[in-house]
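Colleague: Could we go through this structure together, one question at a time? I would like to see how each answer is reached.

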Amino acid sequence: MEKIGSVPTIKPKGPLWVNAEITYKCPLHCVFCYNPLDYASTFKSELSTDDWLKVFRQSRDLGAVQLGISGGEPLMRDDVEIMVSEASQMGYYVNLLTSGIGLTEKRISAFKEGGLGQIQLSFQDSTKELNDFLSSTKTFELKSKVAKLIKEHDYPMVLNVVLHRLNIDHMDQILEMAEAMGADHVELANSQYYAWALKNRSYLMPSEEQLRKAEETTNRFREKIGNKMKLYFIVPDYYANRPKACMNGWGSVFLNVAPDGLALPCHEARMLPGLTFPNVRDHDMEWIWNESPAFNAYRGESWMKEPCRSCDDRAKDFGGCRCQAFQLTGDATNTDPVCDKSEHHHIITEQVELAQKPQPPAADIKPIIFYRDDKNSKALIAENS
Amino acid sequence: MSDPILVKDRPLSLQKQFRFQWEPAQESYVLLYPEGLIKLPGSSGEIMKLIDGSKSVDEIIAYLEEQFPGVDLKNDVLDFLEHAYGKNWICTND
Ligand code: SF4
Ligand code: SF4
């Protein structure tokens, strides 16, 4: 699928893509969740419906055309219907990203009527749910029901599955499940190591052998099934030697708004030190996007250090991900250590080496895994204050 | 994969996943689809505007020839519509 950023003819003046994380509440506890570790701190300060509509309106005026409604689990809020219909009247293409929990016949009909463009159903394969799925039919039944609703309402069935060390060996079953659910597009993306997934990294990173096998299985399946189901397999960037073009550049096309109103150039940016991210309660989107120091901090190339500064690839990958650079090297202006030109690249190769070592089976390491739940989030907040 | 053949006498529609609109910020017509945007500047946007679920390829060409008498635009229009069909932006109604 062609993504916004890859269309070369566009010189974005404003954001093209707005992602509204309308709540961090979620009934699931995925170990790879990329919501911030202190997400529980936003529960009391969530934006109101009117706040959100204002954000949509002002961003639309800046030229945004795609709206993602995500979370947490967005369906934990009861005003998604209003958001969908108002936003699509404003001219947005509206995408809903959900685990499917809470998606009823009534709600999906209202979304369809309101003009919702597409639904992405994520298979929230926390290890717990994976076990449920592999050992019982409970999860599968819920997902199948939702998948059926989605198809009945004439939407393509887009399924996102996050892969990691503990589930990647079950590719066969995952793909069979996707087929049984009537999926049209399946994104098989390895988890990225931020937030909860970084905490759980050593349990989540697959070995090279696992990756190879999973990709083979995917290719075999693709041959068998033909065009009926499109499969996208995405390997973790730790296994690359050039970084991803994160967000197509800082403050270039993407604008994320967190449940508490913080405007961010990517989902993870909240963690970066030394930047004060503007809140949509205090500023309009025009100022936030064009003027705010935070959105200008890593825009363009002037912030770059060597080796990026004089590298021919800097317009291609923008030096990679600022959050990954900070998380792993302690300085957000460093080259993303995934790049083998970075002096910190050994951090990546060491992790990759570790991942080649055998580890105890999932059942044995469970107590060490950090579940993304309110209790753990509050404990982490207390630890850091 | 060989290109699909575009039937010329059946009504054309936009694929249901697409949304077509004028974008002031781009100063262009655009096609929106899940997570993406295709800019349709100039004549491509004007042709796309005529795809309304009732006009066929032949009718679109006839309409444009009437609008711009004396201009030989048939091949360009056909090229664009075939491109759009090949890209799965548009489909023919049965
Ligand atoms: S990744 Fe899992 S826990 Fe995190 S918001 Fe999504 S469904 Fe909830
Ligand atoms: S040195 Fe910087 S710009 Fe060059 S490839 Fe590596 S990350 Fe990209």
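This is a predicted model: local features need pLDDT of at least 70, side-chain atom pairs count only at pLDDT 80 or more; totals for chains, interfaces and linings use all residues.

Colleague: Is A:His345 buried or exposed?

Modeller: A:His345 belongs to helix H14, which covers residues 345–356 of chain A. Its relative accessibility is 14%. Buried means under 20%, so A:His345 counts as buried.

Colleague: How far apart are the C-alpha atoms of A:His345 and A:Asn241?

Modeller: Along the chain, these two residues are 104 residues apart.

Colleague: Thanks! Let us turn to aromatic rings. How many aromatic pairs are there over all chains?

Modeller: Rings of Phe, Tyr and Trp pair if their centres lie within 6.5 Å. By this rule, the count over all chains is ten.

Colleague: What kind of pair do A:Tyr193 and A:Tyr238 make?

Modeller: The centres of the rings of A:Tyr193 and A:Tyr238 are 5.0 Å apart, and their planes stand at 80°. Planes over 60 degrees apart count as edge-to-face. The pair of A:Tyr193 and A:Tyr238 is therefore edge-to-face.

Colleague: Which parts of chain A does this pair tie together, and how many residues apart are they in sequence?

Modeller: A:Tyr193 is in the loop between strand S6 (185–190) and helix H7 (195–199) of chain A. A:Tyr238 is in the loop between strand S7 (230–234) and strand S8 (254–257) of chain A. The pair therefore ties together parts whose distance in sequence is 45 residues.

Colleague: Are A:Tyr193 and A:Tyr238 buried or exposed?

Modeller: The relative accessible area of A:Tyr193 is 1%, and that of A:Tyr238 is 2%. With the cut-off for buried at under 20%, A:Tyr193 is buried, and A:Tyr238 is buried.

Colleague: What kind of aromatic pair do A:Tyr298 and A:Trp303 form?

Modeller: A:Tyr298 is buried at 12% relative accessibility, and A:Trp303 is buried at 12% relative accessibility. Their rings are 5.4 Å apart centre to centre, with 75° between the planes. The pair of A:Tyr298 and A:Trp303 is edge-to-face.

Colleague: Where does the charged end of A:Arg299 sit?

Modeller: A charge sits over a ring if, among other conditions, NZ of Lys or CZ of Arg is within 6 Å of the ring centre. For A:Arg299, the distance to the ring centre is 5.0 Å. The ring under this charged end is that of A:Trp289.

Colleague: And over the face of which residue does A:Lys112 lie?

Modeller: Here the distance from the ring centre is 4.1 Å. The residue whose face lies under A:Lys112 is A:Tyr155.

Colleague: Now for a ligand. Where does ligand 2 sit?

Modeller: Around ligand 2 there are residues including A:Arg242, A:Pro243, A:Cys308, A:Asp313 and A:Lys341. The shell around ligand 2 divides into five nonpolar, two polar and five charged residues. As for its place, ligand 2 sits in the largest cavity.

Colleague: A:Pro307 is also part of that shell. What kind of peptide bond joins A:Glu306 and A:Pro307?

Modeller: A:Pro307 is in the loop between helix H11 (293–296) and helix H12 (314–317) of chain A. Omega for the bond between A:Glu306 and A:Pro307 is about 5°. This peptide bond is cis.

Colleague: What is omega for the cis peptide bond that joins A:Gly71 and A:Gly72?

Modeller: A:Gly72 is in the loop between strand S2 (66–71) and helix H2 (80–90) of chain A. For the cis bond that joins A:Gly71 to A:Gly72, omega is about 20°.

Colleague: Let us finish with chain B. What is phi of B:Glu35 near?

Modeller: B:Glu35 is in the loop between strand S3 (28–33) and strand S4 (36–40) of chain B. It is buried, with a relative accessible area of 15%. Phi of B:Glu35 is positive, in a residue other than glycine, and is near 65°.

Key:
Residues are numbered from 1 along each chain as its sequence is written. Chains are lettered from A and ligands numbered from 1 in the order in which they are written. Side-chain values use heavy atoms; hydrogens and water are left out. Rings of Phe, Tyr and Trp (its six-membered ring) pair if their centres lie within 6.5 Å; planes under 30 degrees apart count as stacked, over 60 as edge-to-face and the rest as tilted. Helices (H or I, at least four residues) and strands (E, at least two) are DSSP runs, numbered from the N terminus. Buried means under 20% relative accessible area, exposed over 50%, partly exposed in between (1.4 Å probe, protein chains only). A charge sits over a ring if NZ of Lys or CZ of Arg is within 6 Å of the ring centre and within 35 degrees of the ring normal. A residue is near a molecule or strand if one of its heavy atoms lies within 4 Å of it. On a 1 Å grid over the protein atoms alone, a cavity is a set of points where a 1.4 Å probe fits but cannot get out, and a pocket is an open set with protein on both sides within 12 Å along at least five of seven lines; lining residues have an atom within 4 Å of a point. A molecule sits in a cavity or pocket if more than half of its atoms lie within 2 Å of its grid points. Ala, Val, Leu, Ile, Met, Phe, Trp, Tyr, Cys and Pro count as nonpolar, Asp, Glu, Lys and Arg as charged, and the others, Gly among them, as polar.
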